[in-house]
Amino acid sequence: MKKAKTTNRRDFLLAAGLGGVGAAAAVVTATTQKQAVPGAAPTVDKASGYRMTEHIEKYYKTTEV
Amino acid sequence: MNAVAIPVAVHRPLAAEEAARADFYALLSRLFQAAPDGSLLHALAGAEPLPAGGDARLAKAWGALIAASSAMDEDAALDEYDALFGGVGKSPVSLYGGFYAGAMAIDHPRVRIRADLAGLGLTPHVDEPEDFFPGLFDAMRVLIAGGAGRGPATLQEQRRFFQSHLAPAWPGLVKAADGAAKANYYRQVAALAAAFLAIETESFELD
């Protein structure tokens with residue numbers, strides 16, 4: 001992407017194609033929105049493969065103060 | 001990252017390019033938070049390519065992610081996510097910005113423990129280390145589009161957050177994910193992140 005110092009931010013974003021990706025990105029947002037936690041760092045949920053095994057539970061206990 | 005409620009919410013529709021930015025951040029947050037499930041892979045596989053004439057790198061990365069999403073299944077994605085980002089202690093690719101930004105505090109035992117617990121999904125999101133990439137991306141989404149009881153942030157606020165917390169860290173994440181031996185699908189995710197965040201970086205230099 002060449003430097004575009006002479007243009008303004010909006011023109012730059014439009015030139016990058018961001019004005020025309022609405023349809024593409026929206027389908028993704030529709031899928032992701034229900035999992036998103038607005039305004040906060042999302043927790044790593046079950047989908048990341050976490051399983052509460054005895055081993056993990058034991059490890060967790062060692063971190064308790 | 002505390003949301004500041006704005007008493008009188010003025011809901012002006014977001015400009016298309018701002019909505020697109022929020023969407024990209026939402027997608028990156030989601031993909032780095034957890035492996036894509038079947039419905040997300042399906043949605044990505046069916047997504048439209050970006051229109052020609054825009055940023056070539058972004059269009060190429062988007063096309064590659066669409067292709068990879070149609071070839072990927074849920075189980076393989078889960079295995080790859082765990083291989084790259086999972087585990088207690090050091091994972092091949094850190095999801096914490098401080099790791100790449102060289103923050104001294106990253107060595108603080110309490111921070112290490114917190115990071116390990118977060119990797120196990122045991123930390124409530126309010127206590128998630130603040131340099132957790134999915135949280136940083138989601139924070140940008142909210143700053144752009146509003147949500148959580150607040151309206152969009154000013155461009156100056158967005159710029160300050162991005163330049164303070166994401167700019168020093170994202171190149172390291174992209175490089176690590178791209179170079180990890182077990183990376184396949186996430187190599188495409190990294191390429192999309194790099195293309196999009198490079199546009200963000202440059203746009204914040206403009207008014």
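Biologist: What pattern does chain B follow, read along the sequence?

Modeller: In this predicted model, chain B reads α-α-α-α-α-α-α-α-α-α. That is ten helices and zero strands.

Biologist: What pattern do the elements of chain A make from the N terminus on?

Modeller: The elements of chain A run α-α-α. Chain A has three helices and zero strands.

Biologist: How many of the residues of chain A and chain B count as buried?

Modeller: In chain B, 47% of the 207 residues are buried. In chain A, 29% of the 65 residues are buried.

Biologist: What makes Ala77(B) buried or exposed?

Modeller: Count the C-beta atoms around Ala77(B). There are 24 others within 10 Å. Buried requires 20 or more. Ala77(B) is therefore buried.

Biologist: Where is Ala77(B) found, and what is it in contact with?

Modeller: Ala77(B) belongs to helix α4 (residues 74-85) of chain B. Leaving aside neighbours within four places in sequence, Ala77(B) is in contact with Ala35(B), Pro36(B), Leu41(B), Met72(B) and Tyr185(B).

Biologist: Why does Ala191(B) count as buried?

Modeller: The test is again 20 or more C-beta atoms within 10 Å. Ala191(B) has 21 C-beta neighbours inside 10 Å, so Ala191(B) counts as buried. This residue is in helix α10 of chain B.

Biologist: What does Ala191(B) touch, not counting residues up to four places away in sequence?

Modeller: Ala191(B) touches Ala61(B) and Ala64(B). Leu58(B) is 133 residues from Ala191(B) along the chain, and their C-alpha atoms are separated by 8.3 Å.

Biologist: Which word describes α3(B) against α10(B), and why?

Modeller: Take the angle. α3(B) and α10(B) pack at about 155°, with their axes 9 Å apart. Angles over 145 degrees count as roughly antiparallel. Therefore α3(B) is roughly antiparallel to α10(B). The crossing is left-handed. On the α3(B) side, the contact includes Leu58(B), Ala61(B) and Ala64(B); on the α10(B) side, it includes Val189(B), Ala191(B) and Leu192(B).

Biologist: Which residues in α2(B) and α3(B) meet?

Modeller: From α2(B) come Leu41(B), Leu44(B) and Ala45(B). From α3(B) come Leu65(B), Ile66(B), Ser69(B) and Ser70(B).

Biologist: What makes the arrangement of α7(B) and α8(B) parallel or antiparallel?

Modeller: Helix α7 (residues 133-145) of chain B and helix α8 (residues 155-166) of chain B have axes that cross at roughly 170° and come within 10 Å. The cut-off is over 145 degrees. That makes α7(B) roughly antiparallel to α8(B). Among the residues that meet are Leu136(B) and Met140(B) in α7(B), with Phe161(B) and Phe162(B) in α8(B).

Biologist: Which residues have the most contacts inside the largest nonpolar core?

Modeller: They are Ala177(B), Val189(B), Leu192(B) and Ala193(B), in a core of 66 residues. α10(B) gives the most to this core, with twelve residues. Not counting residues up to four places away in sequence, Ala193(B) touches Leu28(B), Trp170(B) and Val174(B).

Biologist: How many of the contacts in chain B with a separation of 6 or more are between residues 24 or more positions apart?

Modeller: The share is 69%.

Biologist: Where is confidence in chain B lowest, and where is it highest?

Modeller: Helix α6 (residues 109-119) of chain B is lowest, at a mean pLDDT of 49. Helix α10 (residues 185-203) of chain B is highest, at 97. Over residues 119-125 of chain B the pLDDT is below 50, and this stretch has 24 contacts in the model beyond near neighbours in sequence. Where pLDDT is low, the predicted coordinates should not be read in detail.

Biologist: What does chain B average?

Modeller: Chain B averages a pLDDT of 82, and 79% of its residues score at least 70. For the complex, the predictor gives an ipTM of 0.75 and a pTM of 0.74.

Methods: Residues numbered from 1 in each chain as written. Chains lettered and ligands numbered in written order. Predicted model: local features only at pLDDT ≥ 70, side-chain atom pairs only at ≥ 80, totals over all residues. pLDDT = per-residue confidence, 0-100. Helix = DSSP H or I, 4+ residues; strand = E, 2+ residues; numbered from the N terminus. Contact = placed C-beta atoms within 7 Å. Buried ≥ 20, exposed ≤ 12 C-beta atoms within 10 Å, placed from the backbone. Core = buried A, V, L, I, M, F, W, Y, C linked by C-beta atoms within 7 Å. Axes fitted to C-alpha atoms, helices over the stretch in contact; angles between N-to-C directions. Parallel < 35°, antiparallel > 145°, perpendicular 65-115°, else oblique. Left-handed = near helix turned anticlockwise from the far one by under 90°.
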